[in-house]
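Hi,

Here is the structure I promised to pass on. Have a look at it first, and then read my notes below.

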Amino acid sequence: MGTQKLHIFLIRHGRTEWNKKKIFRGHIDIPLDEVGRNQADVTGSFLRNINLTVIYSSPLKRALETAQIIKKYQNNSVEIVPYPGFLDLNYGEWEGKTYEKVKRSYPELYQMWEKEPNRVKIPKGETLWEAKRRSWQALREVISKHQGYVGIVSHRVINKLIICSILGIDESGFWKIKQDPCCINIIECHNGRFTILRLNDTCHISPLKENLETADF
């Protein structure tokens, strides 16, 4: 990373219908809903004076669409780069199922997910450690290529895991960090040292009290 100075705008995608209905998403490719598109538009407008050099995105529609809306407020030459390392957690057999159905169908595993998420291996899915390893590698690859201001549009779980890595905490700290739809995290990297400047900032979208009452899903 040398003497590079880089500011990373780590953004969660906007809301989808499955967020609203509390359905596990993972690798299922669903689009933003109308609220999500509006959230992305407000986020893009908020960032219009930040000259992003590039926007990396999870390849899934909900992230790419968020990135494309943000790009509208940037220089037309800004490239959107789909990056598999920022894909959402693979929820395996939980994907497409509601939170309530998963709680009923996998009671012991779900209880562990709420209390010790670092110990959970979802059937046919991915562990938090596996997702953390690939997303951290993706972040390091991005950092090695750029200076200035870089956007990354990813997912709730992936953002949390990247932040855990920066803070030096393991996956057991997963529930200690919240990521709301279209939140902005600003991370500075200077001489190989990370500093988090903003965390789960959604003041551009809605009043503070409303943000405090949103579900972590």
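A quick definition to start: the expected span of a helix is 1.5 Å times one less than its number of residues. Keep in mind that this is a predicted model.

Now try that on helix H7, residues 156–167. With 12 residues, H7 should span 16 Å, and its end C-alpha atoms sit 17 Å apart, so the two agree. Just past the end of H7, Gly-168 has a positive phi of about 75 degrees.

How many of the 12 residues of H7 are buried? The count is 11, so H7 is mostly covered. Among the buried ones are Arg-156, Lys-160 and Ile-163. The cover includes strands S1, S4, S5 and S6, along with helix H6.

Let's zoom in on Leu-161, which is part of H7. Its relative accessibility is 0%, and that's why Leu-161 counts as buried. Leaving out residues up to four places away in sequence, Leu-161 touches Leu-128, Ala-131, Lys-132, Ser-135, Glu-171 and Phe-174. Phe-86 is 75 residues from Leu-161 in sequence, yet their C-alpha atoms are 11 Å apart in space.

One last thing, on empty space. Rolling a probe the size of a water molecule over the atoms shows where some is left. The structure has one cavity of 30 Å³ or more, and the largest cavity has a volume of about 50 Å³.

Cheers

Technical notes
Residues are numbered from 1 along each chain as its sequence is written. This is a predicted model: local features need pLDDT of at least 70, side-chain atom pairs count only at pLDDT 80 or more; totals for chains, interfaces and linings use all residues. Side-chain values use heavy atoms; hydrogens and water are left out. Helices (H or I, at least four residues) and strands (E, at least two) are DSSP runs, numbered from the N terminus. Buried means under 20% relative accessible area, exposed over 50%, partly exposed in between (1.4 Å probe, protein chains only). Contact means heavy atoms within 4.5 Å. On a 1 Å grid over the protein atoms alone, a cavity is a set of points where a 1.4 Å probe fits but cannot get out, and a pocket is an open set with protein on both sides within 12 Å along at least five of seven lines; lining residues have an atom within 4 Å of a point. Grid points are joined across faces, edges and corners, and a volume is the space filled by probe spheres set on the points.
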